Amino acid sequence: GGGEEGGMGVMKMSTIGDLPMRGPGMTANSVCMARFEGGEEGKRGKNVLYAVSGHKAAAAAVPAPGSKEVKVKARHFVDGEGNKVQKKKLCCRSMLLLGLRNLMVVGCEDGTVKLCV
């Protein structure tokens, strides 16, 4: 079916730009997606894309297929007192979302694991 060569049909694409370490450095370990259901009755949930790299992280709701590109701003991590973590002290390479507790587990280049709320 689909009428296109190979039977795939037409695929609509969503685009999210300005993620940290976009391009060839992005890996499956540094990007993940989670679904958040609407808090109010009748509200639809949203898929949210997360990405980490080096000392920055970004998150964006996935836009509807065929809509305009969504640009995100990569944010710095902060310590418990709210101070920006310096680039030389943090180098994130992978992450895992623990949705029930709203935690992001970040694996760092120095072998440490950071928990982010």
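Student: What pattern does the protein chain follow, read along the sequence?

Tutor: In this predicted model, the protein chain reads β-β-β-β-β-β-β-β-β. The chain holds nine strands and zero helices.

Student: How confident is the predictor on average across the protein chain?

Tutor: The average pLDDT of the protein chain is 76, and 74% of the residues score at least 70. Residues 1-5 fall below 50 in pLDDT; beyond near neighbours in sequence, that stretch has four contacts in the model.

Student: And where is confidence lowest, and where highest?

Tutor: Confidence is lowest in β1, with a mean of 72, and highest in strand β6, residues 75-76, at 85.

Student: Let us turn to Ser 30. Where is its place in the chain?

Tutor: Ser 30 sits in the loop between β1 (16-17) and β2 (31-36).

Student: Is Ser 30 buried or exposed, and why?

Tutor: Ser 30 counts as buried because its relative accessibility is 6%, and buried means under 20%.

Student: Which residues is Ser 30 in contact with, leaving aside its neighbours within four places in sequence?

Tutor: Ser 30 is in contact with Tyr 50, Ala 51 and Val 52, and also with Arg 93, Ser 94 and Met 95.

Student: Arg 93 is on that list. Which strand is Arg 93 found in?

Tutor: Arg 93 belongs to strand β7, residues 92-98. Its relative accessibility is 37%, so Arg 93 counts as partly exposed.

Student: How far apart are Arg 93 and Ala 51, in sequence and in space?

Tutor: They are 42 residues apart in sequence, with a C-alpha to C-alpha distance of 9.8 Å. Ser 30 is in contact with both Arg 93 and Ala 51.

Student: What about Leu 98; which strand is Leu 98 found in?

Tutor: Leu 98 is also part of strand β7. Its relative accessibility is 37%, so Leu 98 counts as partly exposed.

Student: Which residues does Leu 98 touch, not counting residues up to four places away in sequence?

Tutor: Leu 98 touches Leu 103 and Val 105. As for Leu 115, its C-alpha lies 10.0 Å from that of Leu 98, and the two are 17 residues apart in sequence.

Student: Changing topic: which residues line the largest pocket?

Tutor: The lining consists of Arg 35, Arg 44, Gly 45, Lys 46, Asn 47, Ala 61, Val 62 and Pro 63. These residues divide into three nonpolar, two polar and three charged.

Student: How much space lies in the largest pocket?

Tutor: The largest pocket has about 180 Å³ of space.

Student: Take Lys 46 from that lining. Where is its place, and is Lys 46 buried or exposed?

Tutor: Lys 46 lies in strand β3, residues 46-53. With a relative accessible area of 51%, Lys 46 is exposed, because exposed means over 50%.

Student: Which residues is Lys 46 in contact with, leaving aside neighbours within four places in sequence?

Tutor: Lys 46 is in contact with Ala 34, Arg 35, Phe 36 and Ala 61. Arg 35 and Ala 61 also belong to the lining of the largest pocket. For Phe 36, ten residues away along the chain, the C-alpha separation from Lys 46 is 5.4 Å.

Student: Back to the whole protein chain: what percentage of its 117 residues is buried?

Tutor: Buried residues make up 30% of the chain. The accessible surface comes to about 8600 Å², and 53% of that belongs to carbon and sulfur atoms.

Student: Among contacts between residues at least 6 apart in sequence, what percentage joins residues at least 24 apart?

Tutor: For the protein chain, that share is 40%.

How values were computed. Residues are numbered from 1 along each chain as its sequence is written. This is a predicted model: local features need pLDDT of at least 70, side-chain atom pairs count only at pLDDT 80 or more; totals for chains, interfaces and linings use all residues. Side-chain values use heavy atoms; hydrogens and water are left out. Helices (H or I, at least four residues) and strands (E, at least two) are DSSP runs, numbered from the N terminus. Buried means under 20% relative accessible area, exposed over 50%, partly exposed in between (1.4 Å probe, protein chains only). Contact means heavy atoms within 4.5 Å. Accessible areas come from the Shrake-Rupley method with a 1.4 Å probe; for residues, only the protein chains shown count as cover. On a 1 Å grid over the protein atoms alone, a cavity is a set of points where a 1.4 Å probe fits but cannot get out, and a pocket is an open set with protein on both sides within 12 Å along at least five of seven lines; lining residues have an atom within 4 Å of a point. Grid points are joined across faces, edges and corners, and a volume is the space filled by probe spheres set on the points. Ala, Val, Leu, Ile, Met, Phe, Trp, Tyr, Cys and Pro count as nonpolar, Asp, Glu, Lys and Arg as charged, and the others, Gly among them, as polar. pLDDT is the predictor's confidence in each residue, from 0 to 100.
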